[in-house]
2 protein chains.
Amino acid sequence: MLTVFGTVALDTTRTPFRTEIRILGGAATFASISSSMFAQTSIVGVVGSDMPADHIKALMSKHIDTKGVVTVQGGKTFHYDSTFDYNLSNRTANKTELGVVAGFDPVIPEEYVKSDYVYLANNDPRQNIKILKRFQKPKLVVCDTIEFWINGSRDDVVKMINMADGVVINDNEARLLCKEVNFAKCAKKIMSWGSKFVIIKKGEHGAILFTNDNQVFPAAAFFLDEIVDPTGAGDSFAGGFLGHVARRNKFDFATMKEAVIYGNVMGSFAVEDFGVKRLLSITKDEVEERYRKYRNLVQF
Amino acid sequence: MLTVFGTVALDTTRTPFRTEIRILGGAATFASISSSMFAQTSIVGVVGSDMPADHIKALMSKHIDTKGVVTVQGGKTFHYDSTFDYNLSNRTANKTELGVVAGFDPVIPEEYVKSDYVYLANNDPRQNIKILKRFQKPKLVVCDTIEFWINGSRDDVVKMINMADGVVINDNEARLLCKEVNFAKCAKKIMSWGSKFVIIKKGEHGAILFTNDNQVFPAAAFFLDEIVDPTGAGDSFAGGFLGHVARRNKFDFATMKEAVIYGNVMGSFAVEDFGVKRLLSITKDEVEERYRKYRNLVQF
């Protein structure tokens, strides 16, 4: 079983072309829908009573175990309101309302304790460290983090990385965390903190996988003509990566390379529509077809 | 035969680690040394009497035909003085002395007239258009351009592109030229001006080839731990690309994809030492070995 922990949110996303108000979002939401295409997935998070039941039903429609999603009665769901520029490349945060996420003391249903694969989506690193201790003996733990925690709780981020096996992180955040520009140096530094591998996500430029036995795998991004909403691409990448690893139940270099491509594929689906809309509609066949298409695309 | 036209320069390159004064540089220099690894190359350019004879001999040592390099007695060679930041990612121009390049009226030796392949390295687009008319019937003409000409002579740049078959251009310059951020849209715009294919070079993120029959080839960059001097990477890419095309004497999509990888390979050699130092020392075997290594690296 694969368990994803992180935010289950309501997003207000504004692009120059369209605005979507309080749609289903959150790092754990994207990651779990993405991983559910590959492996049995459970989700842990917290929402307020303002979270529409249909949104949770959408997760359940992907056979995601949502028992781990706690509803705080009278509480407010994490809400992120942001605006993209004309090129959809820069996002400005208008409002970040933590709501019930602040001070959440994560508990996990008994059935999740034996999860083999755990993804700690971007979240308070102290909460991530805490929840990690509740799992019995996961085979592989992967975490992500963002600017907010790197700036505010860097020591805890490093502690969390030490407890994880792998880190999936955005290019700019890797640079901020490591105070290095060169990605190889960033990866080496992160691995010196105890992580066995690092994946640096570069958005439209793809991703690079580094391992602590000095292997490297640079992968170009799947090529898209049009992007509708970049929200959740990185989380969908992580879900696809760990989902494929969980499906194969191994994480040798060859499997991890395939998993990076599945991550690219899932990220490419995520951005084709607002929020999780596209992710919810794709079929396993479409995923495999795009994987083959990608292989063809980069072949020479 | 492949003919390269562009600057043959003296570069003063300052990095936080070392400064090299008045070393051999220039777009045509990098491109021609790079292409000479693949095909018989001729170079057209202009230098002053301050250009050390050893520099021209270095080109000849790669069997480059330098008859097209005109020396203006008493004139000064194009000199570019720049400083890289600590990360070698940002360059500041300290001085740009055009010297004999300003107002050069390009002539080509009679033997070059029948060149099948022509690379118009970054240069005054009016000079590029002029020289192009002097070739009899080249099979493939590829050009590059930079910010300076896009800002100052955009109409001439578009005219030059109309006369060329392919464009090899940096990501930021493509965006500046096309007033678009999305690379696919940039490529479409450039092809609407008459070019049959466009390669957008993305530095450490690799390159993307677009063709006017809607084919796309994204290629990750060859991965390097350490970069010494980024100068000339793009010109070396172009030289490797066109060199391979000239060697195969065809430019179907499959050959162009291989050529993009050879471009990546040559760019990766160029940055391993100051100026053309590394390019001058590599062997054909090393080029092929790195090509195989690259294929291995991106395989999954």
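Over all chains, the count comes to 36 salt bridges, each a side-chain nitrogen of Lys or Arg within 4 Å of a carboxyl oxygen of Asp or Glu. Four of them cross the interface of chain A and chain B. The disulfide count over all chains is zero. This is a predicted model, in which local features need pLDDT of at least 70, side-chain atom pairs count only at pLDDT 80 or more, and totals for chains, interfaces and linings use all residues. Residues are numbered from 1 along each chain as its sequence is written, chains are lettered from A in the order in which they are written, and side-chain values use heavy atoms, leaving out hydrogens and water.

**Salt bridges within a chain**

- A:Arg126 pairs with A:Asp156, with the closest N and O atoms 3.3 Å apart.
- A:Arg126 lies in helix H3 (residues 125–132) of chain A and A:Asp156 in helix H5 (residues 154–163), so the pair ties together parts that are 30 residues apart in sequence. Helices (H or I, at least four residues) and strands (E, at least two) are DSSP runs, numbered from the N terminus.
- A:Arg126 is partly exposed at 41% relative accessibility, whereas A:Asp156 is buried at 16%. Buried means under 20% relative accessible area, exposed over 50%, and partly exposed in between (1.4 Å probe, protein chains only).
- In chain B, the side chains of B:Arg278 and B:Glu286 meet in a salt bridge (3.2 Å, N to O). B:Arg278 counts as buried at 18%; B:Glu286 is partly exposed at 26%.
- Shared partners join A:Asp124, A:Arg126, A:Asp156 and A:Lys159 into one salt-bridge network.

**The interface of chain A and chain B**

- The contact (heavy atoms within 4.5 Å) takes 33 residues from chain A and 33 residues from chain B.
- The buried area is about 2700 Å², of which carbon and sulfur atoms give 60%. That area is the accessible area (1.4 Å probe) that two parts lose on being put together, summed over both.
- On the chain A side, A:His205, A:Phe223 and A:Phe300 lose the most area to chain B, together 28% of what that side buries.
- B:Arg175 forms a salt bridge with A:Glu204, the closest N and O atoms being 3.2 Å apart.
- B:Arg175 sits in helix H6 (residues 171–178) of chain B, and A:Glu204 in the loop between strand E11 (197–201) and E12 of chain A, so the pair joins two chains.
- Both partners are partly exposed: B:Arg175 at 22% and A:Glu204 at 45%.

**Cysteines**

- A disulfide is a pair of cysteine sulfur atoms within 2.5 Å. The sulfur of A:Cys178 is 4.4 Å from the closest cysteine sulfur, in A:Cys186, too far for a bond.
- A:Cys178 is buried, at 0% relative accessibility.
- B:Cys143 is in no disulfide; the nearest cysteine sulfur, that of B:Cys178, is 12 Å away. B:Cys143 is also buried, at 0%.

**Covered and exposed sites**

- Helix H1 (residues 27–35) of chain B is mostly covered, with nine of its nine residues buried.
- B:Arg290 is found in helix H11 (residues 284–298) of chain B. B:Arg290 is buried, at 13%.
- Leaving aside neighbours within four places in sequence, B:Arg290 is in contact with B:Phe222, B:Leu224, B:Val265, B:Ser268, B:Phe269 and B:Glu272.
- A:Ser192, in helix H7 of chain A, counts as exposed at 55%.
- A:Ser192 and A:Ile161 are 31 residues apart in sequence and 9.8 Å apart in space, C-alpha to C-alpha.
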